[in-house]
Amino acid sequence: MAFFFSAMKKDLARWRQDALSLLLWLAIPLLIGGLIMSFTSGGDGPKPRGLLLIDDRDDTFLSRFMAGAYSQGVLGELLTVENVEAEEGAMRIEAGEASGYLVIPEGFQDALLDNRPVTLELKTNPSQTILPGIITDVTEVLLDAGFYAEQLLGDEIRKIRETGENNLVNDAFVASISVSIQNKIESAAPLLFPPVIEVTVAEPPAEEGPGVPFAVYFIPGIVLMTLIFVANGLAVDYWKEREQGTLRRLASSPKHLIGVVAGKTAAATVVLTVMGFIVLALGFLYQGVPLSRMPSALAWIALSGIAMFAWLGFIQMLMSSLSAAELITNITLMPLMMIGGSFFPLAILPGWLAEVGRRTPNGFMVDRLTSEIVAQGSWAIDPVSWLILALLALSGMVLSAWRLRAGFARG
Amino acid sequence: MSSVMISVHGLSRHFGDLVAVDDVSFEAQAGAIFGLLGPNGAGKSTTINCISGLLKPTSGRIAVAGHDVRRDATAAKQSLGVVPQELAIYEDLPAIENLRFWGRAYGLSGAELDARVDDVLGTIGLGDRARELPKKFSGGMKRRLNFGCGIVHAPPVMLLDEPTVGVDPQSRERLFDLVRAERDRGTCVLYTTHYMEEAEKLCDSLAIIDHGKMVAAGSMDELRAQLGARDVLQLNGEFPGAAADRAVSALAERIGEGLEVISSSESELTLTLNGASQMLPAIFEALASAGAVVNETSLRSPNLETLFLLLTGKELRE
């Protein structure tokens with residue numbers, strides 16, 4: 001037992017000397033994961049807001065209605081509307097301070113109601129692309145809506161205007177106008193309802209759980225990517241020890257080589273768990289995942305780390321040289337990460353591909369870690385999965401010890 | 001002081017059709033340095049690997065400190081301190097931690113480990129550099145640390161496999177001192193080398209091995225006695241077949257029984273005889289009269305090199 005701790009301590013001390021590699025193995029998955037998250041989900045950061053300057057020279061019911069339409073609903077999340085005078089508006093749009101500058105001319109309401117041509121002036125900011133486009137489209141839609149509204153309810157609107165101007169509004173007038181508008185809407189209803197397009201809202205996958213941000217599904221893949229990079233990098237240590245002659249020397253010592261494997265695996269587990277914790281903690285804090293799920297997720301990560309290190313070590317020891325070992329593991333791990341949920345969550349892969357991915361070792365780990373993170377409570381992974389992973393780890397260690405004894409250690 | 005610490009009987013090791021070690025037997029005593037001398041590829045390292053348990057012998061029996069290396073491998077290994085030919089240290093681990101690790105690998109712990117590590121650091125002269133990483137050390141310092149890792153558990157038996165290959169003369173002398181110190185402490189040292197001078201300088205007894213076979217064994221005095229006072233005379237030149245035969249016959253007639261031909265070819269003739277320096281004029285005359293031409297002459301006094309030549313018909317460094 002003393003030798004086990006000694007071997008573990010020795011490797012931890014040695015690997016600490018190469019802190020730069022450890023940092024790179026941590027940074028690369030975070031970078032890749034961050035980029036993929038922002039490409040696929042658009043990120044969860046603040047949305048861009050544009051500024052629309054409106055010079056309302058008509059200042060009527062319809063001109064105010066139109067100006068107000070830009071700050072309603074979803075548009076209100078994208079645009080800030082500010083009323084300005086002509087000189088200020090022209091100056092600020094020239095200076096590029098706004099996404100658009102709209103001039104509603106005097107006589108706009110009358111022209112619309114009298115079905116006469118009217119020209120609105122819209123200047124957009126050429127240095128922006130999306131928001132000026134939205135403003136242009138919305139303006140066109142509003143004008144179209146105004147035209148159809150005039151066709152449908154022109155009489156009623158004109159009566160409201162005239163009655164308002166003559167100050168003759170009373171309860172009877174309001175009631176008659178309301179009934180008239182109601183009748184026209186009811187007569188148009190068969191054309192408007194039900195809608196021609198039926199929208200069916202798909203049920204989200206049961207495993208996603210309620211209220212989990214989509215970005216959370218990226219966390220397990222990034223964690224596993226980190227584990228793979230670190231485990232593969234550390235597993236090379238068997239070859240390093242062989243090339244520097246220390247494995248051979250250990251083979252001639254009275255200690256059993258399983259102690260060497262156990263010590264090295266324990267050291268790797270410490271490093272892998274710390275790395276996994278860092279990535280997991282960043283993901284949890286950024287996405288607001290309850291920290292109560294951390295212990296169970298971390299336990300799964302630690303056991304996954306053991307299995308991964310043990311098997312990668314064994315596979316590398318089967319190769320004929322250090323460069324062959326690195327080459328083989330690198331070209332094998334890339335596609336495994338692709339289909340195993342490290343680059344894209346299994347939940348968004350096509351069904352058959354996700355099923356294949358779940359059957360890869362890393363995909364199995366990602367899948368169960370995902371269920372652990374998005375579950376309602378902690379320790380959600382089923383006992384059979386824990387058992388499978390434990391057997392995977394144990395078999396990798398036994399095979400590594402066998403390979404050491406079978407000639408790898410003596411070179 | 002004559003207890004047998006390494007006992008090798010009928011050791012053979014085959015690699016497929018290749019016989020690397022063929023029926024080798026020897027014994028090494030406590031408090032003595034036993035040399036295994038032979039050219040590269042002679043089977044020295046294979047023998048050492050069988051003793052250290054890295055290789056299973058094809059046949060034969062090996063015991064270390066009374067423990068059979070196959071049936072009682074752990075006890076046999078516990079008695080061994082191995083200093084491999086190549087450096088086998090952790091260059092990214094401080095020197096003191098290297099010694100601690102290898103001490104623990106041989107079962108030391110606590111105060112005993114601390115005391116041994118301090119002792120060894122003093123012995124190998126790295127006490128003031130103990131906390132530094134070996135990758136910053138000179139080649140000689142790394143060699144000393146490599147040696148220290150092999151003695152940290154105070155083994156009764158040490159295996160040193162060509163420890164001076166590629167080592168500068170100063171570091172080599174320092175290493176010899178360390179080996180002698182271990183011998184004086186009562187350790188049985190098995191030392192392999194292909195440097196004849198090293199073996200003569202360091203070893204109390206040795207075995208000469210070539211092509212996997214042991215060609216001679218004994219104490220240095222016993223081996224020198226095998227040579228007697230015979231010198232080795234090596235002649236290079238032109239010795240066409242018939243001329244060489246005539247020359248050798250003429251020499252044998254003139255010199256008598258003391259002459260022995262070790263090897264002969266059309267360009268080289270190697271002889272051994274008593275008092276060769278006095279006989280040179282007669283030898284040259286006999287060769288000239290037989291039609292041979294001598295371009296270069298080399299006369300060597302009896303030593304291990306000449307013994308090897310005598311026994312195998314070739315140079316140790318070939």
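Guide: The crossing of α12(A) and α13(A) is right-handed, a label given when the near helix is turned clockwise from the far one by less than a right angle, with anticlockwise counting as left-handed. Helices (H or I, at least four residues) and strands (E, at least two) are DSSP runs, numbered from the N terminus. Please keep in mind that this is a predicted model, where local features need pLDDT of at least 70 and side-chain atom pairs count only at pLDDT 80 or more, while totals for chains, interfaces and linings use all residues. Residues are numbered from 1 along each chain as its sequence is written, and chains are lettered from A and ligands numbered from 1 in the order in which they are written.

Helix α12 covers residues 257-287 of chain A, and its axis lies 8 Å from that of α13(A), at an angle of about 140°. Axes are lines fitted to C-alpha atoms, for helices over the stretch in contact, and angles run from 0 to 180 degrees between N-to-C directions. The two helices α12(A) and α13(A) are therefore oblique to each other; under 35 degrees would be roughly parallel, over 145 roughly antiparallel, and 65 to 115 roughly perpendicular, with the rest oblique.

Which residues of α12(A) and α13(A) make the contact? From α12(A) come T265(A), A268(A), T269(A), L272(A), T273(A), G276(A), F277(A), L280(A) and F284(A). They face M294(A), A297(A), L298(A), I301(A), A302(A), G305(A), I306(A), F309(A) and A310(A) of α13(A). Contact here asks that C-beta atoms, placed from the backbone, lie within 7 Å. In this contact of α12(A) with α13(A), 13 residues are nonpolar, five are polar and none is charged. (Ala, Val, Leu, Ile, Met, Phe, Trp, Tyr, Cys and Pro count as nonpolar, Asp, Glu, Lys and Arg as charged, and the others, Gly among them, as polar.)

Another helix also packs against α13(A). Helix α13 (residues 294-318) and helix α16 (residues 361-374) of chain A have axes 9 Å apart and an angle of about 170°, which makes α13(A) roughly antiparallel to α16(A). On the α13(A) side we find S296(A), A297(A), W300(A) and S304(A), and they meet M365(A), R368(A), L369(A), E372(A) and I373(A) of α16(A). This contact of α13(A) with α16(A) holds five nonpolar, two polar and two charged residues.

Elsewhere in chain A, four strands build an open sheet in the order β2-β1-β3-β4, with mixed pairing. Strands pair if DSSP finds at least two bridges between them. At the edges of this sheet are β2 (79-83) and β4 (121-124) of chain A, each pairing on one side only. Direction ignored, neighbouring strands are turned by 20° against each other on average. β1 (residues 50-56) of chain A runs parallel to β2(A), with five bridges, and G50(A) has L79(A) as its bridge partner in β2(A). Helix α5 (residues 86-94) of chain A packs on the sheet, touching β1, β3 (100-104) and β4 of chain A, and its direction makes about 150° with that of β1(A). Helix α7 (residues 130-165) of chain A packs there too, touching β1, β3 and β4 of chain A, with a direction about 165° from that of β4(A).

Now let's cross over to chain B. The contact between the chains takes 19 residues from chain A and 21 residues from chain B. On the chain B side, α2 (73-78), β6 (80-83) and α3 (95-105) each supply at least two residues, and α3(B) gives the most, with four residues. The chain B side touching chain A is made of 11 nonpolar, five polar and five charged residues.

Chain B has 11 helices and 14 strands. In helix α11 (residues 304-312) of chain B, the buried residues include L304(B), L307(B) and F308(B). After α11(B) comes G313(B), with a positive phi near 75°.

Notes:
Contact = placed C-beta atoms within 7 Å. Buried ≥ 20, exposed ≤ 12 C-beta atoms within 10 Å, placed from the backbone.
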